[in-house]
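Here are my notes on this model. Please read them with the structure open.

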Amino acid sequence: MAYVFPLSIYTCAKCQISHNLKKNISVCITKPISNHLALLLSPASLLPLFSASSVFSPKQSISFCLSSSTHHSLRMAVKTIELLKGSASIEEIIEVLTTVASDLGDDVVDDLSTLQVIPLKGAMTNEVFQVNWPTKNGDDLRKVLVRLYGDGVEIFFDREEEIRTFECVSEHGQGPRLLGRFTCGRVEEFIHARTLLAADLRDPDISALIASKMREFHNLHMPGAKKVQIWERMRKWLGEAKSLCSPKDATFFGLENLDEEINSLEKKLSEGYQEIGFCHNDLQYGNIMMDEETRSLTIIDYEYASYNPIAYDLANHFCEMVADYHSDTPHVLDYSKYPGLEERQRFIRIYLSSQGKKPNNAKVIQLVNAAEKYTLANHLFWGLWGLISSYVNKIDFDYKEYARQRFQQYWLRKPTLLDTQSIQL
C-alpha cells in the first residue's frame, strides 16, 4: 500500500493511522509524537526505503510502500495501545513507558504490538491497567501498572500532594515505587501479589493481617500537620456538590441541610480524646494486596490518605465489608454483611495488640464505640463523593445510586448511634 507524505502528520485512509515522518524515523500512532521515538519502525528498518543521499525538506513529498505484514503490525500496535487512552496524551504515555523500560534495563520498546495491555477491574476513581513487554533477554515479561486519572478527580484531592504521599509511603517500604509520570496518569511498580476479594475481608486469618497492617500504616510519620482533615474535606465536597447538582438532586439529597449536619457531627464525634494517625481513608478490599507465599500485605492507592482519627479509618474499613465492586451490580451495598459486634471487637483487639502490647477491655470498648459512631461521618463522606462523581466521572458505575445508599444509612443509623451508651464487652 502506497503512502505519500509531506513531512508532517498524515492519516492513512484505510487504517486511520496517523504518521509522523522525519528523515529516517517513522512513528505510527493516533497522535503526533516526539521525533526521537521510533517505536513502531526503527530507523534501520526504514533505511531500505530511501536512497543513501535522500535529504528532505518540509515542503517535499515522498512515497514508499509498506508490506501487508508491516501494515497489520501497525494496526495491531495502535489497537493495543488505544486500550490505554484515546486522548491527546497517548504519545506521552508511550514516551514514558519507553523511558521506564530503559530505566529497568530493557531495550527500548521498538514494537508496540509486543505490548500487552490488560484492564484491571474494580477501580472507581481511576482507570488501571497492567502493561507487559518482553524483557531484554526475552525469556520473561516485564510488568508495570499504568494508572490513568479519572475525570474530575481534582475535585476530591490535590494530585501533587497525592504524589508526594505516594513517594513518601514508598520510602517507608509500604507500597509500590513510582516509575514515571505523564499528564493524565503515572506508571507504578507492579506488585507481584493478588488483590484481595470481597470475601477475603471476612476471612479471620486475613482480617487479622489487615488489622496489624492498618496499625503499621497509621503509625507512619508523614509530612504535614498532624491534624484531622475529614471535616474540612467534607465541607469542600459539599460546596462542590451544591455547585454541580441539579435543583432536583440537591433537594433529593438534602444538600441545604448538610452544613448543619456536618457541624453537629464534628462537634459530637470530637468530644474527648482521639488518637490521630496517618489514615488511608479508603481501605476497601481492592486497595489491599497479599503475597500468597509470604502472606505479607501491601496497602495501595493513597488518593484520599491523610491524618485523621484512627476510629474513622476503622469505621471506613468496616463499612467497606458490605461492598463487592466486582459483582454484576458493583454499586449495590448489602448492609446485612456489615460486621457484627464480635467481629469488630476481634479486629480492634488485634489492631491494638499488633505492636506487642495487650490492650485492656476498656481500651477496646472505647475504640469499638468510637469507630461505630464514625461510620456516620463515613456515610456522609462517601455519599458526597458518589454524588459529585455522578456528574464528573465517566467510569461505568452507578455513582448516584451508591450515594443514595450511603446517605440513607446515615439517616437510618444517626438516631441510634448518637444516643447509644457505651457498648459493654
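Where is Asp-282 found? I take that up in point 2, after the ground rules.

1. **Ground rules.** This is a predicted model, in which local features need pLDDT of at least 70, side-chain atom pairs count only at pLDDT 80 or more, and totals for chains, interfaces and linings use all residues. Residues are numbered from 1 along each chain as its sequence is written, and side-chain values use heavy atoms, with hydrogens and water left out.

2. **Asp-282.** Asp-282 sits in the loop between β12 (276-279) and β13 (288-290). Strands are DSSP runs of E, at least two residues; helices are runs of H or I, at least four; both are numbered from the N terminus. Asp-282 is buried but has no salt bridge. Buried means under 20% relative accessible area, exposed over 50%, partly exposed in between (1.4 Å probe, protein chains only). A salt bridge needs a side-chain nitrogen of Lys or Arg within 4 Å of a carboxyl oxygen of Asp or Glu. The nearest side chain of opposite charge is Arg-406, 7.9 Å away. Lys and Arg count as positive, Asp and Glu as negative; His and the chain ends are not counted.

3. **Its contacts.** Contact means heavy atoms within 4.5 Å. Neighbours within four places in sequence aside, Asp-282 contacts Asn-287, Tyr-304, Asp-313, Asn-316, Glu-320 and Trp-382.

4. **Helix α9.** Eleven of the eleven residues of α9 (residues 310-320) are buried, so this helix is largely enclosed by the rest of the structure. Among them are Asp-313, Asn-316 and Glu-320.

5. **The cores.** A nonpolar core is a set of buried Ala, Val, Leu, Ile, Met, Phe, Trp, Tyr and Cys residues joined through side-chain atoms within 4.5 Å. The largest has 84 residues; Ile-210, Trp-231 and Leu-384 are among those with the most contacts inside it. Helix α11 (residues 361-392) gives the most, with 15 residues. A second, separate core has 17 residues, including Ile-90 and Phe-129.

6. **α6 against α11.** The axes of α6 (residues 230-244) and α11 come within 9 Å and cross at roughly 35 degrees. Axes are lines fitted to C-alpha atoms, for helices over the stretch in contact; angles run from 0 to 180 degrees between N-to-C directions. Trp-231 and Met-234 of α6 and Leu-384 and Trp-385 of α11 are among the residues making the contact.

7. **Gln-409.** Gln-409 lies in α12 (residues 399-419). Gln-409 counts as buried because its relative accessibility is 13%. Not counting residues up to four places away in sequence, Gln-409 touches Tyr-335 and His-379.
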